[in-house]
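Please open the structure in the viewer and keep the sequence beside it.

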Amino acid sequence: MYIIPILIILLDQLTKFWALNTLKGSEPIVLINEFLQFNFVKNYGAAFGIMKYQRMFFLVITILIVLGMIYYIKKYNNTKIMNYSLVMIIGGAIGNFIDRLRVGYVIDFIDVNFWGFYDFPVFNIADSFIVIGTILLVVLVLTNKHEVN
């Protein structure tokens, strides 16, 4: 179970290192015209850029949330899928925490635009795991499949 967040953090940090060294100050790399490109963005806030310049708040809240999730995993008899959802969130949260600690902002670079209908906020690998883990967590809780009976 502990290897999953470590792999998420490594994948996230490697891709951000690539983005910082390849994309910063350069033109975006278009992968699928009018849909997917890699574009370097500094995110000083949270999801969708909300609460900009609250770095210390995000550092403290991330520590508290990660510790709370670790405690929850250890204390309760969760299903494996519930624990997977939590470690995905933990891995993503730590990936973005490292950015805030190291460079003062989160490095985002995956830029999706739905052919002009909707320009999705730029995100990163850590964000992807946080969102997938959270969706899975919500589904498990709503369907009461988060604890072993």
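The stops below say what to select and what is found there.

This is a predicted model, in which local features need pLDDT of at least 70, side-chain atom pairs count only at pLDDT 80 or more, and totals for chains, interfaces and linings use all residues. Residues are numbered from 1 along each chain as its sequence is written, and side-chain values use heavy atoms, with hydrogens and water left out.

**The whole protein.** Select everything in cartoon view: there are 4 helices and 3 strands. Helices (H or I, at least four residues) and strands (E, at least two) are DSSP runs, numbered from the N terminus. Along the sequence the pattern reads α-β-β-α-α-β-α. The C-alpha trace spans about 55 × 35 × 30 Å along its principal axes.

Select the strands next: they form an open sheet in the order 1-2-3, with antiparallel pairing. Strand 1 (29-32) and strand 3 (106-112) are the edge strands, each pairing on one side only. Strands count as paired if DSSP finds at least two bridges between them. Strand 2 (residues 36-43) is joined to strand 3 by 6 bridges.

**Helix 1.** Select residues 3-22, the helix that contains I6.
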